[in-house]
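Below is a short report on one protein model. It covers the strands, the nonpolar core, a surface patch and the salt bridges.

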Amino acid sequence: MTDPHTDTQHQQQPGGWLLQDVSNAMVALHKEQFGRGPTRVQSHFAGADALLCVMDDALLPAESKMVDMGEQQRVRESRMFFQVATAAEFIAAVETITGRTVRAFASASDPDNGVVMENFIFEPDRRGDGRPPATRPLADR
């Protein structure tokens with residue numbers, strides 16, 4: 001069952017069910033790792049080998065208070081440490097869902113707007129004919 005607050009991907013979009021699964025996994029990981037998840041998330045393919053997850057209302061209450069104090073840079077720094085500490089969990093979730101190998105992972109945050117972005121770059125997976133790979137979960141291969 002999908003959460004109405006995070007159910008932003010539709011089946012008619014390319015990879016819709018897969019993108020919804022990624023979005024749901026990002027919310028679950030944020031709740032598990034940070035104690036609170038974003039209230040809205042959208043995942044998008046950015047070309048054949050990149051995936052972007054944009055999460056709104058993603059800051060922790062203490063981070064929001066830090067922003068109110070003008071400490072946006074401290075929020076960015078703490079988020080960078082969160083990324084390093086939890087990268088393996090985020091990468092594993094995306095690799096499991098997509099069936100692709102993540103080559104690079106980076107988080108970015110905009111504390112003033114409460115937005116966190118998770119960026120995944122996949123290993124190229126060309127079939128030899130120049131077409132991008134069919135993105136399917138490992139269980140379907």
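The report starts with the ground rules and then moves through the fold.

This is a predicted model, where local features need pLDDT of at least 70, side-chain atom pairs count only at pLDDT 80 or more, and totals for chains, interfaces and linings use all residues. Residues are numbered from 1 along each chain as its sequence is written, and side-chain values use heavy atoms, without hydrogens or water.

Helices (H or I, at least four residues) and strands (E, at least two) are DSSP runs, numbered from the N terminus. Strand 3 (residues 102-110) pairs with strand 4 (residues 115-122) in the antiparallel sense, over eight bridges. Pairing requires that DSSP finds at least two bridges between two strands. Val102 stands opposite Phe122 in strand 4. Four residues separate the two strands of this hairpin, and Gly114 takes a positive phi near 65°.

**Core.** A nonpolar core is a set of buried Ala, Val, Leu, Ile, Met, Phe, Trp, Tyr and Cys residues joined through side-chain atoms within 4.5 Å. Buried means under 20% relative accessible area, exposed over 50%, and partly exposed in between (1.4 Å probe, protein chains only). The largest core has 24 residues; Val22, Met26, Leu51, Phe90, Val94 and Phe120 touch the most other members. Helix 1 (16-34), strand 2 (50-56), helix 3, strand 3 and strand 4 each supply at least two residues of this core. Helix 1 gives the largest share, eight residues. Contact means heavy atoms within 4.5 Å. Leaving out residues up to four places away in sequence, Val22 touches Ser43, Leu51, Cys53, Val94, Ile97 and Thr98.

**Patch.** Met80, Phe81 and Val84 form a nonpolar surface patch with about 350 Å² of accessible area together. Patches take residues with over 30% relative accessible area and no salt bridge, joining like charges within 9 Å and nonpolar side chains (Val, Leu, Ile, Met, Phe, Trp, Tyr) within 5 Å. Areas come from the Shrake-Rupley method with a 1.4 Å probe; for residues, only the protein chains shown count as cover. Met80 lies in helix 3 (residues 72-98).

**Salt bridges.** A salt bridge puts a side-chain nitrogen of Lys or Arg within 4 Å of a carboxyl oxygen of Asp or Glu. The count comes to five salt bridges. Among them are these:

| Pair | N to O distance |
|---|---|
| Arg40 and Asp56 | 3.2 Å |
| Glu63 and Arg79 | 2.7 Å |
| Glu71 and Arg74 | 3.0 Å |

Glu63 and Arg79 are both buried. Arg74 is exposed at 52% relative accessibility, whereas Glu71 is partly exposed at 28%.
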